[in-house]
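Welcome, and thanks for taking a look at this one with me. Please have the sequence and the 3D view open while you read.

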Amino acid sequence: ASAKTSRKKTSAVSDDLKQFEVTTEEFKDCVVKHLHVTLGTDENKASKKAWWNATCAAVNEIVFERVTKTQKTHYQKDTRAVHYFSLEFLMGRFLKNNLTSVGLTDIAKQALEQLDLDFNEICEEEPDMALGNGGLGRLAACFVDSLATLGYPAIGYGIHYEHGLFTQEIQHGRQLERPDSWREYGNPWEICRPESIQEIPLYGYVETKYDEGGHIHKEWHPGRIIKGVPWDIPVVGYGAKTVNILRLWESRASDFFNWDVFNAGGYLDAQVENVQAETISKVLYPNDNTEAGKELRLIQQYFFCACSIKDIIRRYKRAHGNDWSKFTDQVVIQLNDTHPAVAIPELMRILVDRAEMHWDDAWAICQNVFAYTNHTLLPEALEKWSVRLFEKVLPRHLEIIYEINSRFLEDVVEPAFPDNDEVKRKLSIIEEGHEKMVRMGNLSVIASFKVNGVAEIHSQLVKSDLFPEFNQIWPDKLTNVTNGVTPRRWLKSCNPALSKLISEYVDDDWPVHLDKLQKLNDFADDSKFQKVFMQIKHDNKVELAKVIKSLTNIEVDPTALFDIQIKRLHEYKRQQLNLIHIMALYRRLLQNPDYDMPKRVFIFGAKAAPGYYMAKEIIYAINKVADRVNNDARIKDKLKVVFLPNYRVSLAEKMIPAADVSEQISLAGKEASGTGNMKLALNGAVTIGTLDGANIEIAEEAGEDNVVIFGLTVEEVKAKKAAGYNPWDYYYANEELKAVLDWFDTDYFTPGKPGELAEIKRSLLDYGDTYLTLADYASYSDAHKKIDRLYQDKPTWARMAIINTATMGKFNSDRSIQDYVNNIWKLTPCFIEE
Ligand code: Z15
């Protein structure tokens, strides 16, 4: 029995679904076959995990063959490809997604049912592949999905971390971190490629040599060699015509190098070195939007960039030998933030030191290969490496960076800003000062042919506030590509009921033509459609209520308004604003049991970076407030607060379809884009949000009446800060706000432990309220009153929800990818044969 069969032939882009004509019977036999021959067990004793593995193996009969076919075609046609360099790929689970892509979801469901198995239960066996922190890593995952779906030759390069993002447990209200071991018992989706191993140098010193002609030549004598082993993860485009790969590098000790040490009698030393080598790909740094500045992190960055560049060059040489003239026609490298920016001096090193190219020719190649995406303006996230550390780990790269810098300052800055030392100091890759630093942002802008922000307002701010002088020098370099999300995962596969309804009312090719959702606007006032739409929302809420019960033992009423804030815990995202408002609602209910508001459930999902003290305090406070509120009989269940532990992709897939309200409440100017905002609106949630990041574009698409906007604008924030913001003014001016903040000093939420939550109050008053939480409180509270009114009017709410789904077509990551292709990558889709 085999899942491989014939299929229809169309274009590079897949718009028909039923492509792999496999019967339920065939699929079932194939799963059972794999249970026997791949898993070495049988129907009587197989665990659910074994059934899951066997099901994956059955899907892989299609997937792996398409990988080979895709690679062969790209090689034969010698296609130009994008190489997406990212330290993070937050892929989540694959089974449902890959079944959706090959069009076999229903077949697999029936096949498993016939085997007395529940499809959803089997899917739950899959651990999330959580090789990322949050938005940046998930964006990379959506982008590789869209690239494959649109038939573009592309490869994602990253690290094969042994441990992905920590799993979060909540004990007595506090976050505990546990290691994530996503592949402890093997992973059916990955293929090891030992034939493509690379060796990577580190540490050591640089020797300066002169040849007969008196030409200078630099030779790096590394102190260590690390082996990089590639693991390929198939990325199945919707319709499974193109199956690209994610190539993730695992570090190993180099046998070759350690042999010397061993011979010298250093057996134990050799083992220590082995451990150090294998440490490189051990664990993902758990910071989102903050930089750690650790040596191991720099080594991680260099390790995977160096492996990937060697891999690209090897592939290029197979087709073009030593003729470098076509290199920039074939290769574009997208830097996902500055994390992989060390790829720039690495490519220069290979071209100048190894290929013995003239500097100018090598630099011309670099400037046509790299493009850089900026994801944040937060100063604490902008990467800087100390010159001292750089020199220790990558001595030759530091020299190259100095050379890039001095040429840039002389040839570019001097003519543009003659004798202007202040501008030179600002644009220099090297920051002078007590400790000299390498600015990775400046390096990335200087070496790239395009630099993009991730939402309109963010890209404007990149030009005006972050890199204004660069924008003056190169007015066409800085640009925008608004983020997007894949509708295959974030609607079709996570919300099957709504997807079915949309297919009935629109067409069934909406997953690749998301603008077609516009047609739903015609039914926004149709009361029959409203009922069906809201019934689906209700059913999704019933499902989420079960999840909440099983994870937290809290009972919530699915008829209540579900208000959801899901994102990393960060002060700029202002979960504390949400919390303060919840406390105010609680206080209003205590003061007036008839306070007019619909039943409300506030649901949070958030991980805090393990070293981020205030973020962890906020998690604790949310949980303590939840304990008190949820168990207070006086408010008669009108208010519930839920903190769902271990927020991750697979949990998001359960929460997003059940949201009525989407909380997008960052201080204006701080959230570069946001992508959860898009997923929630796409699933019919109404946004309560500030004019920040992509919220602005969501409001434009949905219309002002279908989102609830509050708070200071970017301009107003600037003005307020310039005038000297004083949070105490807001504290004294607002009786409710004062009362709520004073509550933090009591033991009302922490019985017997007064002041346990007081640090939060201090951060908002004594430490200056960096993110203007108090300034936006009154406006936020009013916005929630508006939400309450709207929700109580059923047809009005249904209309808003429908219009949100109908108008989110722009936020398809296929559109983002098409923007990158048109303005930056210049790729052509590639048709893959049967
Ligand atoms: C991260 O998740 C983001 C930016 C960063 O600089 C780092 Cl280090 C991690 C996020 C932004 O905060 C978010 O607004 C954006 O939507 C996302 O990247 C994808 O662009």
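The numbered points below go from the whole chain to single residues.

1. Before anything else, please keep in mind that this is a predicted model. The chain has 33 helices and 25 strands. Its radius of gyration is 27 Å, close to the 28 Å that the globule rule gives for 834 residues, so the chain is as compact as a globular protein of that length. If you turn the view along the principal axes, the C-alpha trace spans about 95 × 70 × 55 Å.

2. Of the 834 residues in the chain, 62% are buried. The chain exposes about 31,200 Å², and carbon and sulfur atoms supply 50% of that area. Contacts across the sequence are worth a look too: among those between residues at least 6 apart, 77% join residues at least 24 apart.

3. Domain 1 is 1-65 + 100-125, domain 2 is 78-93 + 128-448, and domain 3 is 536-790. Taken over C-alpha atoms, the centres of domain 1 and domain 3 are separated by 41 Å.

4. Please find helix α3, which covers residues 95-102. Seven of its eight residues are buried, so the helix is largely enclosed by the rest of the structure. The buried residues are Leu95, Asn97, Asn98, Leu99, Thr100, Ser101 and Val102. After α3 comes Gly103, with a positive phi near 75 degrees.

5. Now for the charged pairs. Side chains of opposite charge can pair when their charged atoms come close. How many salt bridges does a search of the whole structure find? The search finds 60, and the next points pick out some of them.

6. Glu617 and Arg174 meet through their side chains in a salt bridge, at 3.3 Å from N to O. Glu617 belongs to helix α23 (residues 613-630) and Arg174 to strand β6 (residues 174-178), so this pair ties together parts that are 443 residues apart in sequence. The two partners fall into separate classes of accessibility: Glu617 counts as buried because its relative accessibility is 8%, while Arg174, at 31%, counts as partly exposed.

7. A second salt bridge joins Glu219 and Lys209, with 2.5 Å between the closest N and O atoms. Glu219 sits in strand β10 (residues 216-221) and Lys209 in strand β9 (residues 205-210), so the parts tied together here are 10 residues apart in sequence. Glu219 is partly exposed, with a relative accessible area of 28%, and Lys209 is partly exposed at 34%.

8. The side chains of Arg600 and Asp788 form another salt bridge, at 2.7 Å from N to O. This pair links distant parts of the chain, with Arg600 in strand β21 (residues 600-605) and Asp788 in helix α31 (residues 773-792), 188 residues apart. Elsewhere, salt bridges that share partners join Arg193, Asp232, Arg247, Asp311, Arg314 and Arg315 into one network.

9. Met534 lies in helix α21 (residues 527-552) and is partly exposed, with a relative accessible area of 22%. Which residues does Met534 touch, leaving out those up to four places away in sequence? They are Trp797, Ala798 and Ala801. Ala733, by contrast, is 40 Å from Met534 in space, C-alpha to C-alpha, and 199 residues from it in sequence.

10. Finally, two backbone angles to check. Most residues other than glycine have a negative phi, and most peptide bonds are trans. Ala240 is not a glycine, yet its phi is positive, about 55 degrees. Ala240 is placed in the loop between β11 (224-236) and β12 (243-253), and it is buried, with a relative accessible area of 1%. Asn646, also not a glycine, has a positive phi of about 55 degrees. Asn646 is found in the loop between β22 (639-643) and α24 (649-655), and at 13% relative accessibility it counts as buried.

How values were computed: Residues are numbered from 1 along each chain as its sequence is written. This is a predicted model: local features need pLDDT of at least 70, side-chain atom pairs count only at pLDDT 80 or more; totals for chains, interfaces and linings use all residues. Side-chain values use heavy atoms; hydrogens and water are left out. Buried means under 20% relative accessible area, exposed over 50%, partly exposed in between (1.4 Å probe, protein chains only). Helices (H or I, at least four residues) and strands (E, at least two) are DSSP runs, numbered from the N terminus. Domain bounds come from an automatic or database domain assignment. A salt bridge is a side-chain nitrogen of Lys or Arg within 4 Å of a carboxyl oxygen of Asp or Glu. The radius of gyration is taken over C-alpha atoms; the globule rule is 2.2 Å times the number of residues to the power 0.38. Contact means heavy atoms within 4.5 Å. Accessible areas come from the Shrake-Rupley method with a 1.4 Å probe; for residues, only the protein chains shown count as cover.
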